[in-house]
Amino acid sequence: MSASTTATAGAVPQEPSEHVPASRLFAFLIMVFGMFMSILDIQIVSASLSEIQAGLSASSSEVSWVQTSYLIAEVIAIPLSGFLSRALGTRNLFAISAAGFTFASLMCGFTSSIAEMIVWRAIQGFLGAGMIPTVFASAYTVFPRSKFNLVGPIIGLVATLAPTIGPTVGGYITDLMSWHWLFFINVVPGIGITIGVLALVDFDEPHYELLDHFDWFGLGFMAGFLGSLEYVLEEGPRNDWFNDESIFIFAIVCVVCGVAFFFRVLTAREPIVDIRAFTNRNFAFGCLFSFCVGIGLYGLTYIYPRYLAEVRGYSALMIGETMFVSGIAMFLSAPLVGRLMTLVDMRILIAVGLLLFAAGTWQMTWITRDYDFYELLWPQVCRGIGMMMAMVPVNNIALGTLPPERVKNASGLFNLTRNLGGALGLALINTALDNRTDFHISRLHDKVNWGNAQAVDFLNMLIQRFQGMGDASMMALKQFNQIVHRQAVTMSFGDAFFLLTIFYIGLSTLVVLVAKPANPAAAGGGGH
């Protein structure tokens, strides 16, 4: 019998008993906190990039790699975690991930150059990524199905709350201390998580014999495919897509490595990623919904702060305080969603969640430059509740209906789709904002001319205001141009919100294609 067959046979866990020991629950919560740190670190630097740029004397294109390097490394490591979790066991993999993430965080805080920072951020992202799918897999293999309505909201809350409050937390830390503490703050909890996991986690046994068949070619092709894809999506909007030589080259690398990767995983003796999980209808649709929810999750975490900074002129701290509403809405709605999952068809919950999300973006289509905390309040509440109502049942439908022996591999794929959705969402939103801003500037310039009496009156008023301060006419024209540009940017934000509204209304109709999942409150099997 091959090592692969032996390992798979030995790795099939039994259906967990109804009684969950307190130590096991505590161990799981420690792992959840580790996942929270890893996901939080994607966004925690986003509100403080200008401070990091100044501190490391970097250019704006260089400092963007503080984000990009983390994301590329993370996207490569997430699907790899399924194989490593089976080979090393949950305890060993999670402890290595937590310890490596903690050490890389420490080195990020001490770094003195942008090159060092980029390297350590990549290491931090690669090692920390192993914690995310491992928590999802543990939730759906360690706990009985009757407890899914309790553990589902916990991991759903962390997966959505962490990126949402990342800019808030980052803004506070940078404002109170310095950007170095964005990384130092991980050290003490990271050490605690590593020790706690080594002491308490005993969910499964390692199968080291799997490492004898580690598919290095598969890893290379996967790294080339996913890394290039993430690079193209991150840098494309900034550098005019395929008109930039490096983006064009990486797009070709992405296609070639993608073809080679899929051929390899379908023919290798022990594939590095088992994509057969996609033959399960609910898992495939769960990944589709996860991908699309990722567009909104990361897209709105980007678009709101950008509006508040560019149009309203808010500081990182003020942006954080305004954005905190979504986090509170998610936190308060999580227990309600868990309860509703036992009472209502989960497909209905997903549809309602997506429509609530669409309602939040619809309210923002009328955005003006005067939109402030109270105008953003209800759109953010709809976003927070809608995200929880969609995400938690999607987790259960995708992973809760798979046979236990396939959950580890599937968890990596499932989490990968959410991150890729976020990357694609940011690329599309950035491109839409740039194109629509250019469109609106062109339209406004056609309207605002010397034949427009209102425009001329306004310009004359500006000239009078600047009298005695220099070249009043030139200063007034410059001010007028800035006002027109700001208006065009604001209108482009409204267009982006409108596109998201249409997208999520359309997505809500796809729930009819999902097979009805078993009620998680009833112990026992979920459907194939």
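This is a predicted model: local features need pLDDT of at least 70, side-chain atom pairs count only at pLDDT 80 or more; totals for chains, interfaces and linings use all residues.
Which residues make a nonpolar surface patch of about 630 Å²?

Residues are numbered from 1 along each chain as its sequence is written, and side-chain values use heavy atoms, with hydrogens and water left out.

**View 1. The nonpolar surface patch.** Phe 242, Phe 248, Ile 249, Phe 250, Ile 252, Val 253 and Val 256 make the patch. Patch residues have over 30% relative accessible area and no salt bridge; nonpolar side chains (Val, Leu, Ile, Met, Phe, Trp, Tyr) are joined within 5 Å, like charges within 9 Å. Areas are Shrake-Rupley values with a 1.4 Å probe. Val 253 sits in helix H13 (residues 245-267). Helices (H or I, at least four residues) are DSSP runs, numbered from the N terminus. Val 253 counts as partly exposed, at 31% relative accessibility. Buried is under 20%, exposed over 50%, partly exposed in between.

**View 2. Arg 24 and Asp 202.** These two residues form a salt bridge, with the closest N and O atoms 3.5 Å apart. Arg 24 belongs to helix H2 (residues 22-43) and Asp 202 to the loop between helices H11 (187-200) and H12 (216-235), so the pair ties together parts 178 residues apart in sequence. Arg 24 is partly exposed at 23%; Asp 202 is exposed at 51%. The whole structure holds five salt bridges (a side-chain nitrogen of Lys or Arg within 4 Å of a carboxyl oxygen of Asp or Glu).

**View 3. Arg 121 and Asp 41.** Their side chains meet in a salt bridge, 3.7 Å from N to O. Arg 121 lies in helix H7 (residues 114-128) and Asp 41 in helix H2, so parts 80 residues apart in sequence are tied together. Arg 121 is buried at 0% relative accessibility. Asp 41 is buried at 0% too.

**View 4. Helix H16.** The 18 residues of H16 (residues 346-363) should span 26 Å at 1.5 Å a residue, and the end C-alpha atoms are 26 Å apart, which agrees. The expected span is 1.5 Å times one less than the number of residues. Buried residues of H16 include Met 346, Leu 349, Phe 357 and Thr 361.

How values were computed
Helices (H or I, at least four residues) and strands (E, at least two) are DSSP runs, numbered from the N terminus. Buried means under 20% relative accessible area, exposed over 50%, partly exposed in between (1.4 Å probe, protein chains only).
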